[in-house]
Amino acid sequence: MPVDPATRAALVEHARLSIKKGSQSFSAAARLFDRETRERAWLLYAWCRRADDIADNQDMGGELGDQSDLGERLALIRRLTALAFAGEPTGDPAFDALGVVAAEVGLTPQMAEDVIAGFQLDAEDWRPRTEADMLRYCYHVAGAVGVMMAVVMGVSPDDQETLDRANDLGLAFQLSNIARDIVEDDAAGRCYLPVMWLVEQDIEPGQHTKPHHRKELAAMAARLVALVEKHEAAARVGAAKLPFRSRWAVLSAARIYGAIGRKVRKRGPEAWNSRTYVPRAEKALYGVRAFLSAVINREKIPEGGIDWGIADYRPH
C-alpha cells in the first residue's frame, strides 16, 4: 500500500541524516544520482545501517557491544524486515524506510536475507577457510547490498545478468577493504584472509601481521587486488545498462575503490604502516574520468570473459 507523501518525506529525512552521520563517502557518492534515486538510496542505506548496528549491538558502526544475545537480535532484524516487506508499520523508521523503497522498486525478501546473513557472519566472528569462502563472505556483506542498490537504480529484479555485475562491484569494494584493513582487522581480533592462503605462506596462526611476515602479507594483498581488478572490470561492463547518472556514480566508485587496492599493492610490505586512502583531488579526477566513460559507455568485456554470478557465492 502506498505511503502518504508526508510520511515518506519524514522517512527520507531520517534516512538522509542517517547516511550523513554514518557514511560521508556514501553520502557524497549519492549526490551523483537523480533526486528519486538518491532518496531511495538513502532509504536503503538507513535499513542497512540500522540492521548492522542491531546485529553488532553498536551505534552507527561504533564499538561492538555484548554479543551474548546475538540470536535474539538477528531474530529481531528478520521479524522487522518481514513486517517491512509486508507493508506493515515496524515501529522503527529505518525498517519502515526499507518497506517504502522495497514497494517502490521491487526489492525482494531474499535480497534482504542475503544481507542479513552477512551481519550474522560478522557478528559470529566467522573466518573463511578457502578463497571461495572469502568470496561468499564478500557477497553477503557487500555484493548483496550492491544487488539491492542496482534495483534501486532501476535494474529489474529479474535482470540476473546485470544483478550479477552489481554483485561484482560489491565484491571489488569489500576485497579492497580487506586488503587495506588487514592489520586494523587483526587488532580487532578479525581476519578475512582465507586460512589456506596463510597455510600456503607458511604463516603461524595469529602471526600474519607480525613484521617478519610483511613480505608474505604483501603477496596476499596483491592476490586480493588481482581479484579486485577482475570483479571491477566485470562491474564496469554491467554499468552500461544503468541510467547515465547512476552509471557515472558506479564507474566513479569502481575507480576509487580499485585505486585503494592498487595503492596497497604498490606500497608492498609498507602498506600497513599508515592507512591507505585516495586523496580528494584524486577522487575528483576519477570522477571526471568516470563521467567520460559514462558518456562513451563502451566498456570492454574483460579478457577471458565473464562466467560467474551470484549463484556462485550463495551457499549450495
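Trainee: How far apart do the C-alpha centres of domain 1 and domain 2 lie?

Mentor: The model is a predicted one. Its domain assignment gives domain 1 as residues 1-106 and domain 2 as residues 127-315. Between the C-alpha centres of these two domains the separation is 24 Å.

Trainee: How many residues does the contact take from domain 1, and how many from domain 2?

Mentor: Contact here requires heavy atoms within 4.5 Å. On that basis, domain 1 and domain 2 both supply residues, and the numbers are 19 residues from domain 1 and 13 residues from domain 2.

Trainee: What is the area buried between domain 1 and domain 2, and what percentage do carbon and sulfur atoms give?

Mentor: The size of an interface is often expressed as the accessible area lost when the parts come together. For domain 1 and domain 2 the buried area is about 1300 Å². The part of this area given by carbon and sulfur atoms is 73%.

Trainee: Which residues in domain 1 lose the most area to domain 2?

Mentor: Three residues of domain 1 stand out, together making up 41% of what that side buries. They are Leu-32, Phe-33 and Leu-44.

Trainee: Is Leu-44 buried or exposed?

Mentor: Leu-44 is placed in helix α3. Its relative accessibility is 1%, and the cut-off for a buried residue is under 20%. Leu-44 therefore counts as buried.

Trainee: With which residues is Leu-44 in contact, leaving aside its neighbours within four places in sequence?

Mentor: Leu-44 belongs to helix α3, and neighbours within four places in sequence are set aside for this list. The contacts of Leu-44 are then Leu-98, Val-101, Leu-107, Met-148, Met-149 and Val-152.

Trainee: Is Arg-40 buried or exposed?

Mentor: Arg-40 is found in helix α3, which covers residues 35-56. Apart from neighbours within four places in sequence, Arg-40 is in contact with Arg-8, Val-101, Glu-104, Val-105 and Val-152. The relative accessible area of Arg-40 is 14%. Because the buried class takes values under 20%, Arg-40 is buried.

Trainee: What is the C-alpha to C-alpha distance between Ala-103 and Val-3?

Mentor: Ala-103 lies in helix α5, residues 93-105, and is exposed, with a relative accessible area of 65%. In sequence, Ala-103 and Val-3 are 100 residues apart. In space, C-alpha to C-alpha, the distance between Ala-103 and Val-3 is 9.5 Å.

Trainee: Which residues line the largest cavity?

Mentor: The structure holds 1 cavity of 30 Å³ or more, and the volume of the largest cavity is about 40 Å³. The residues of its lining divide into 5 nonpolar, 1 polar and 2 charged. By name, the lining is Ile-178, Ile-182, Asp-185, Arg-190, Cys-191, Tyr-192, Leu-193 and His-208.

Trainee: Is Ala-187 buried or exposed?

Mentor: Ala-187 has its place in helix α9, residues 182-187. The relative accessibility of Ala-187 is 71%. Since exposed means over 50%, Ala-187 counts as exposed.

Trainee: What is the value of phi of Asp-202?

Mentor: Most residues other than glycine have a negative phi. Asp-202, found in the loop between α10 (195-200) and α11, has a positive phi. Asp-202 also counts as exposed, at 64% relative accessibility. The phi of Asp-202 is near 60°.

Trainee: What is the value of phi of Asn-297?

Mentor: Asn-297 lies in the segment after α13 (280-296). At 27% relative accessibility, Asn-297 counts as partly exposed. Its phi is positive, in a residue other than glycine, and is near 55°.

Trainee: What distance separates the C-alpha atoms of Ala-219 and Arg-265?

Mentor: Ala-219 lies in helix α11, residues 214-238, and is partly exposed, with a relative accessible area of 38%. Along the chain, Ala-219 and Arg-265 are 46 residues apart. The distance separating their C-alpha atoms is 8.4 Å.

How values were computed
Residues numbered from 1 in each chain as written. Predicted model: local features only at pLDDT ≥ 70, side-chain atom pairs only at ≥ 80, totals over all residues. Heavy atoms only, no water. 1 Å grid on protein atoms, 1.4 Å probe; cavity = no way out; pocket = protein on both sides within 12 Å on 5 of 7 lines; lining within 4 Å. Points joined across faces, edges and corners; volume = space filled by probe spheres on them. Nonpolar A, V, L, I, M, F, W, Y, C, P; charged D, E, K, R; others polar. Helix = DSSP H or I, 4+ residues; strand = E, 2+ residues; numbered from the N terminus. Buried < 20%, exposed > 50% of the residue type's maximum accessible area, 1.4 Å probe, protein only. Domains from an automatic or database assignment. Buried area = accessible area lost by both parts, 1.4 Å probe.
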